[in-house]
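Please find below a short note for a colleague who is new to this structure. It is arranged as numbered points.

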Amino acid sequence: MSDLVVQLTNTSKAYNKVDVLNDINLNLNSSEVLGLFGHNGAGKTTMMKLILGIIKPTSGEVNVFGHNPISKNAWLNRKQIGYLPENVSFYDHLTGLEVLTYFSRLKSAPKSQVFELLEQVGLSHALKRQVKTYSKGMRQRLGLAQAFLGQPKLLLLDEPTVGLDPIATKEFYTSVDNLKTSGASIILCSHVLPGVEQHIDRAMILSGGKMKALGSLEQLRAQAALPITIHAHGLNGSVYNDPALNIYLVNQSNNQNKLEVEEQQKLTVLRQLLSYDHITNVHVESPSLEKLYQHYLSDSQITSSKGEYS
Amino acid sequence: MIPPIFAVALKEFQDGLRNRWLISITLIFAVLSLGLSYYGAVASGQIGSFSISSTIASLSSLAVFLIPLIALLLSYDSFVGEQESGTLLLLLTYPLSHQQLLVGKFLGQGAIITLATCLGFGSAAVLLAITSDVENIFSAFGLFILTATLLGLSFTAIAYVISLAVNEKSKAAGIALIIWFFFVLVFDLALLGTLVGIEDGLSQNQLVQIMMLNPADLFRLINLSALDTNDVNGVLSVAVNSGTSTTQLFISMAAWILAPLFIASIIFKKKTL
């Protein structure tokens, strides 16, 4: 028995001989948050289904809490797993309270938790209303409350912030942080990249069923060697005329003073910029998750097109 | 803590109450049986009094159309509906096995059918017992209610097979309609055609055995063999006198509940979501 919560070893899944997931390796530790990114059809949902034990891998192994999730031994562990599917519309004719009560019975969670969770996701005012009157955001919150039922040690959340307003999104990430602190591992699958960064420990980028990258954001940044963007304000033409700086200018024709530098030259360039007295402001931006994502995906497109020609 | 199987059953039962299924089926059955017993008597020229066997005979021939239709309507989207809304996938990640979900749903929806049959036909029986002085009302209606329930349960189980075998609700509805049409109409017409068209084609025993392949025929067979044979006509009158024991017929009906449930559970296990 290992401490690993989820362990995928050379896992592949094919539907009708078409590979949906190809040779995935992943070790997820307890109280770790993994961001899972990829286009539609990249295999994110399939990966979640494998971990949940709904489908069997075509080859390779899946271990969740040290058991194959399909086996009978894994049965009791299911109470410790929370799942939010991507597209779920709950029983429309039931009220929010009835829906959550039903799921709590199935998970043997105490009835008191139903009210706590409805309060936590901000649905206490609507618990006696039928789900069909709920807005998209409210349905999403109900889905989240459902996933948080019991004392989950592993959460799989497929597009959790879709339909949530900014405040609800912030509250959601607070709950994620709290659950992480209490020892739960979380796999977060998302298209909405901004805002996720601070809350994930590692990211996995999937494309066409293959794993393109896996690591902490620092590791991915180092690996991708993407330039850092520096905006300098108040310099007018000085940057353009400075031979030490103008080679980094993104667009030489206008005077927008946007520079892109490698990690190693960052400090040199900053010192040079600050040596100008009339600099009013400077803004340094590390490559965002969005850029990393684009980098790894465009990278994979190049390699795959190369593969086609060879 | 409620065991998960009963949590599912309870939800299905409450759904049946909420959708007014229970109340409408009960009403349909009650009105049908009361109407038939009074107007049936009028049609045979005797105002006021009625014959229990002619009532049961006409009730059987109407119920045999209605009950399968109602059961199929109640249950055809039981699984495919949840599959389309995504809750089936979610339920399967819960500590709930495929069989528990299947049996739970069957218990819940089966309870709706059972209760509606008992209340609907039972209330008619009580009313008839109060207003007329005919004997054996309760034993005749008792058998009728029991078999009607079995018939309903059988078609509920058949509906589950349909609901699990297809991936679209509309397809499930279409197939349910075809299944209903086949068992209720086509089967008997084909049987009648064989009897009339081919001389000495079927012995009486063979006929009964073939009728066991149809739960709707079993239902009629059990009810009509308990009556005065004067009120029975058609293919059934041939079969009724075959001497097949009622126990045997009941066992066949039970098989028509268990076999579809078993097939449904196999399909469910192999289903990819």
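1. The model discussed here is predicted. Its largest nonpolar core comprises 164 residues, and A:Met47 and A:Leu154 have the most contacts inside this core. Helix H7 of chain B, residues 137-165, gives the most to the core, with 17 residues. Apart from this core lies another, of 15 residues, including A:Ile228, A:Ala232, A:Leu235 and A:Leu249.

2. Leaving aside residues up to four places away in sequence, A:Leu154 touches, among others, A:Val5, A:Val6, A:Leu28, A:Ile51, A:Val64 and A:Phe65. A:Gln80, A:Ile81, A:Gly82 and A:Ser185 are also touched by A:Leu154.

3. Helix H1 of chain A spans residues 44-52, and eight of its nine residues are buried, so this helix is largely enclosed by the rest of the structure. Among the buried residues of H1(A) are A:Lys44 and A:Lys49, together with A:Met47 and A:Ile51. Just after H1(A), A:Gly53 adopts a positive phi of about 80°.

4. Helices H2 (residues 96-106) and H4 (residues 136-147) of chain A pack at an angle of about 25°, their axes being 10 Å apart. H2(A) and H4(A) are therefore roughly parallel to each other, and their crossing is right-handed.

5. Which residues of H2(A) and H4(A) meet? On H2(A) they are A:Gly96, A:Val99, A:Leu100 and A:Phe103; on H4(A) they are A:Leu142, A:Ala145 and A:Gln146. The residues of this contact divide into five nonpolar, two polar and no charged.

Conventions:
Residues numbered from 1 in each chain as written. Chains lettered and ligands numbered in written order. Predicted model: local features only at pLDDT ≥ 70, side-chain atom pairs only at ≥ 80, totals over all residues. Heavy atoms only, no water. Core = buried A, V, L, I, M, F, W, Y, C linked by side-chain atoms within 4.5 Å. Buried < 20%, exposed > 50% of the residue type's maximum accessible area, 1.4 Å probe, protein only. Helix = DSSP H or I, 4+ residues; strand = E, 2+ residues; numbered from the N terminus. Contact = heavy atoms within 4.5 Å. Axes fitted to C-alpha atoms, helices over the stretch in contact; angles between N-to-C directions. Parallel < 35°, antiparallel > 145°, perpendicular 65-115°, else oblique. Left-handed = near helix turned anticlockwise from the far one by under 90°. Nonpolar A, V, L, I, M, F, W, Y, C, P; charged D, E, K, R; others polar.
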